[in-house]
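Visitor: I have a chain open here and would like to go through it piece by piece. Can you walk me through it?

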Amino acid sequence: MPRQLGELEDTVMTRVWQWNRPVTVREVLEDLQQERSIAYTTVMTVMDNLHQKGWVRREVDGRAYRYTAVSTRAAYAAALMNEAWAQSDNPAAALVAFFGMMSEEQREALRDAMKVVAPTIPEPSESRPDEGAAADEAPADDGR
């Protein structure tokens with residue numbers, strides 16, 4: 001399970017994910033230097049650490065490496081959510097609390113996602129034909 005990225009690791013990975021192509025340390029450095037003062041060796045170390053942790057793969061390109069993300073930011077976020085949920089001593093309560101924190105836009109995104117992974121789940125506004133029926137009644141025993 002991946003642990004949360006550090007601040008600089010996340011900043012670097014954000015570029016790699018956004019650009020969605022192999023990148024060099026120099027490219028990341030030049031982009032980061034637009035926002036802050038940072039050394040080439042710092043960026044190189046962070047990218048090497050990300051490679052060692054399995055977040056990026058690298059290929060030699062002349063005298064440099066080109067780094068490519070191993071997975072997407074969405075997969076990273078999903079893994080973090082799954083890990084947090086798995087750590088709960090009451091997963092159902094954790095989900096209820098999490099859903100309670102969601103904005104309407106996030107709940108709509110959740111409904112859309114559920115349609116993809118479980119297309120037979122009805123919309124909240126859809127009524128089910130047997131809703132309200134005596135679901136707790138056992139079937140009649142006709143003696144067979």
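**Contacts, core and salt bridges**

Guide: Start with Leu 32: not counting residues up to four places away in sequence, Leu 32 touches Thr 11, Val 12, Arg 15, Ile 38 and Val 43. Keep in mind that this is a predicted model.

Visitor: Where is Leu 32, and is Leu 32 buried or exposed?

Guide: Leu 32 sits in helix H2, residues 25-32. Leu 32 counts as buried because its relative accessibility is 0%, and the cut-off for buried is under 20%.

Visitor: Which residues of the largest nonpolar core touch the most other members?

Guide: They are Leu 5, Val 12, Met 13, Val 28, Val 43, Met 47 and Leu 50, out of 20 residues in that core. The elements giving two or more residues to this core are H1, H2, helix H3 (40-52) and strand E2 (64-69). In soluble globular proteins, nonpolar side chains tend to be buried together.

Visitor: Back to Thr 11. What does its side chain reach?

Guide: The side chain of Thr 11 reaches the backbone oxygen of Glu 7, at 2.9 Å. Thr 11 lies in helix H1 and counts as buried, at 13% relative accessibility. Leaving aside neighbours within four places in sequence, the contacts of Thr 11 are Leu 32 and Arg 36.

Visitor: And Thr 24, where is that found?

Guide: Thr 24 is in the loop between helix H1 (7-19) and H2. Thr 24 is buried, with a relative accessible area of 13%. Beyond neighbours within four places in sequence, Thr 24 is in contact with Tyr 65 and Arg 66.

Visitor: Charges next. How many salt bridges does the count come to?

Guide: The count comes to 12 salt bridges. One of them pairs Lys 53 with Glu 9, and the closest N and O atoms are 2.5 Å apart. Lys 53 is in the loop between H3 and strand E1 (56-61) while Glu 9 is in helix H1, so this pair ties together parts 44 residues apart in sequence.

Visitor: Glu 9: buried or exposed?

Guide: Glu 9 is buried, at 10% relative accessibility. Lys 53 is partly exposed, with a relative accessible area of 39%.

Visitor: What about Arg 66, which partner does it form a salt bridge with?

Guide: Asp 61, with the closest N and O atoms 2.6 Å apart. Arg 66 is partly exposed at 28% relative accessibility, and Asp 61 is partly exposed with a relative accessible area of 39%.

Visitor: What is the separation of Glu 104 and Arg 107 in helix H6?

Guide: About one helical turn, because Glu 104 and Arg 107 are three residues apart in helix H6, residues 104-117. Elsewhere, salt bridges that share partners join Arg 21, Glu 27, Asp 61 and Arg 66 into one network.

Visitor: Now the surface. Which residues form a nonpolar patch?

Guide: Met 81, Phe 98 and Phe 99, with about 270 Å² of accessible area together. Phe 99 is in helix H5, residues 91-101, and is partly exposed, with a relative accessible area of 33%.

Visitor: How many helices and strands are in the chain?

Guide: Six helices and two strands, running α-α-α-β-β-α-α-α from the N terminus. Buried residues make up 19% of the 144 residues.

Note on methods:
Residues numbered from 1 in each chain as written. Predicted model: local features only at pLDDT ≥ 70, side-chain atom pairs only at ≥ 80, totals over all residues. Heavy atoms only, no water. Helix = DSSP H or I, 4+ residues; strand = E, 2+ residues; numbered from the N terminus. Buried < 20%, exposed > 50% of the residue type's maximum accessible area, 1.4 Å probe, protein only. Patch = residues over 30% accessible without salt bridge, like charges linked within 9 Å, V, L, I, M, F, W, Y side chains within 5 Å. Areas by Shrake-Rupley, 256 points an atom, 1.4 Å probe, with all protein chains shown as cover. Salt bridge = Lys/Arg side-chain N within 4 Å of Asp/Glu carboxyl O. Contact = heavy atoms within 4.5 Å. Core = buried A, V, L, I, M, F, W, Y, C linked by side-chain atoms within 4.5 Å. Polar contact = N/O pair within 3.5 Å; in protein donor to acceptor, adjacent residues only side chain to side chain.
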